[in-house]
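Student: Could you walk me through one part of this model in detail? I'd like a close look at how the two chains meet.

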There are 2 protein chains.
Amino acid sequence: MTRVTPQPRNLPQECSDCPIRHKAVCARCESDELEQLEAIKYYRSFEAGQTIVWSGDRMDFVASVVTGIATLSQTMEDGRRQMVGMLLPSDFLGRPGRETSSYDVNAATDLVLCCFRKKPFEEMMLRTPHIGQRLLEMTLDELDSAREWMLLLGRKTAREKIASLLCIIARRDASLHLRGPGAPLRFDLPLTREAMSEYLGLTLETVSRQISTLRKEGLIVTEGKRQVTIPDFDRLLEESGDDSDGGLLG
Amino acid sequence: MTRVTPQPRNLPQECSDCPIRHKAVCARCESDELEQLEAIKYYRSFEAGQTIVWSGDRMDFVASVVTGIATLSQTMEDGRRQMVGMLLPSDFLGRPGRETSSYDVNAATDLVLCCFRKKPFEEMMLRTPHIGQRLLEMTLDELDSAREWMLLLGRKTAREKIASLLCIIARRDASLHLRGPGAPLRFDLPLTREAMSEYLGLTLETVSRQISTLRKEGLIVTEGKRQVTIPDFDRLLEESGDDSDGGLLG
DNA sequence: TCTCAACCTTGACATAGATCAAATCACATG
DNA sequence: CATGTGATTTGATCTATGTCAAGGTTGAGA
């Protein structure tokens with residue numbers, strides 16, 4: 001397994017007053033809640049490529065991504081796989097009120113999770129409405145992005161899919177780094193070609209070919225396998241089939 | 001626009017003590033909450049084919065589906081469309097905390113909504129944690145089904161997509177009617193070929209051809225355009241590519 | 001520096017599903 | 001009962017993407 005060192009990132013979502021440091025679960029940082037969360041939390045690290053939970057496994061924790069990327073995938077009996085979730089730092093993993101995982105959870109890069117034992121977390125949710133409210137917001141956001149993703153899977157061409165994914169990653173990367181607009185974007189592709197193909201509902205060969213095409217056309221510049229530079233974000237965005245408004249940091 | 005008369009259904013989710021009669025928003029039927037809900041609710045009816053809200057429109061209500069089917073769709077600039085949500089009786093429509101709709105909302109059949117003015121509904125949610133909790137549960141369920149749908153869009157063949165959709169509709173129809181297992185399933189297809197193609201990420205011609213193929217193979221029986229009978233549910237389910245456990249009423 | 005294994009790229013060919021074009025059906029209306 | 005219109009079916013063809021197969025790169029570790 002190739003490793004991608006998790007970059008310590010400059011999290012804008014970070015909650016500086018809070019030892020857990022993730023607004024994901026600590027929306028207002030009230031001290032009694034923090035104390036309760038402290039008591040039930042623990043960290044876990046994973047190497048790139050490792051499977052964290054298999055679909056159907058018992059899962060007795062929920063978690064917040066600290067660094068790295070986790071993916072959720074579904075598998076059909078004959079082995080066809082589709083990624084259905086990509087979790088970046090501060091995203092929430094796990095479903096309160098469910099015993100077993102419905103998805104395979106994988107570490108796409110080296111990964112650190114901040115886990116909370118599920119039972120006490122759920123009890124705390126009942127006592128502390130704003131945690132549930134925050135979770136509802138996050139779940140609604142995830143539902144929105146799942147629906148964008150459905151449009152991509154159902155209606156976009158291979159080229160549009162690749163352009164969309166590059167824009168999505170660039171955007172999230174930029175927002176994590178709080179880069180100024182206008183600057184050419186340069187980042188590490190955190191996914192293998194295979195992971196990209198699982199994200200996009202394509203084969204790995206098609207992914208590779210489309211990336212080559214975009215490179216030849218000058219829409220992207222690559223160094224090595226993973227370093228990507230986007231000289232003109234808006235031009236790439238036009239290839240993605242998305243409405244072109246709502247720019248890089250929208 | 002062809003009309004499909006909304007069947008008054010025997011809702012198992014119906015909450016008989018409650019004038020709103022939808023557990024969707026009235027989880028425990030406590031009387032003071034009911035009174036508050038009564039004060040902000042109103043009904044709206046739509047004909048099959050009507051657009052309820054356009055993507056980007058202001059939407060100052062949330063709602064619960066009473067009878068009929070509503071769909072959520074996304075549209076690309078060049079007109080390609082993908083359905084991203086299908087709401088059946090007791091499902092919830094609208095996103096608390098958002099001013100405008102992100103999707104086109106359409107009536108797939110004749111439709112009755114029980115609407116609640118958004119502002120007071122949101123205020124009530126803050127005062128009444130269990131409504132938020134119930135909404136979180138429903139949103140998590142929707143997220144799960146969106147993810148199943150992503151697998152369908154990304155990895156299933158046209159034949160598997162059609163079989164899946166028929167099973168989904170049959171299952172939901174059966175659960176609404178509380179039919180016994182074993183009986184052959186007979187129901188009205190509540191979607192046009194075009195709506196099915198938008199659901200499945202296919203063209204309408206491919207949908208039609210696959211349905212014809214399944215008919216010729218005896219997996220389904222059709223009368224007219226919309227009446228469908230599934231003589232052997234499990235056999236159809238095998239064609240859907242889904243894990244075959246979790247039978248009709250699972 | 002060399003080697004190896006994992007990852008990626010490219011080519012040739014096959015095919016599922018899209019596209020374009022005609023029927024045909026079936027129901028509401030006169 | 002005839003008619004017209006939108007929905008559906010079916011056919012012929014095209015093409016984007018999948019499949020199979022062979023090389024090429026890259027980077028970690030010896």
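Tutor: Across the interface of chain B and chain A, the rule finds 10 salt bridges. Keep in mind that this is a predicted model. One of those bridges joins the side chains of B:Glu142 and A:Arg147, with N to O at 2.7 Å. Polar contacts turn up too: 25 residue pairs across the interface of chain B and chain A, both partners at pLDDT 80 or more.

So where on chain B does the touching side come from? Strand E4 (70–75), strand E5 (81–87), helix H2 (118–127), helix H3 (129–155) and helix H5 (193–200) of chain B each supply at least two residues. H3(B) gives the largest share, with 21 residues. Sort the residues on that side of chain B by class and you get 19 nonpolar, 12 polar and 17 charged.

Now the overall extent. In terms of residues, 48 of chain B are in contact with 48 of chain A. The area buried between the two chains is about 4,100 Å², and carbon and sulfur atoms give 54% of that. Look at B:Arg147, B:Met150 and B:Arg155 in particular: they supply 20% of the area that chain B buries against chain A, more than any other three residues.

The axes of H2(A) (residues 118–127) and H3(A) (residues 129–155) come within 5 Å and cross at roughly 105°, which means H2(A) is roughly perpendicular to H3(A). A:Phe121, A:Met124, A:Met125 and A:Arg127 make the contact from H2(A), meeting A:Pro129, A:Ile131, A:Gly132 and A:Leu135 of H3(A). By class, that contact has 6 nonpolar, 1 polar and 1 charged residues.

Notes. Residues numbered from 1 in each chain as written. Chains lettered and ligands numbered in written order. Predicted model: local features only at pLDDT ≥ 70, side-chain atom pairs only at ≥ 80, totals over all residues. Heavy atoms only, no water. Contact = heavy atoms within 4.5 Å. Buried area = accessible area lost by both parts, 1.4 Å probe. Salt bridge = Lys/Arg side-chain N within 4 Å of Asp/Glu carboxyl O. Polar contact = N/O pair within 3.5 Å; in protein donor to acceptor, adjacent residues only side chain to side chain. Helix = DSSP H or I, 4+ residues; strand = E, 2+ residues; numbered from the N terminus. Nonpolar A, V, L, I, M, F, W, Y, C, P; charged D, E, K, R; others polar. Axes fitted to C-alpha atoms, helices over the stretch in contact; angles between N-to-C directions. Parallel < 35°, antiparallel > 145°, perpendicular 65-115°, else oblique.
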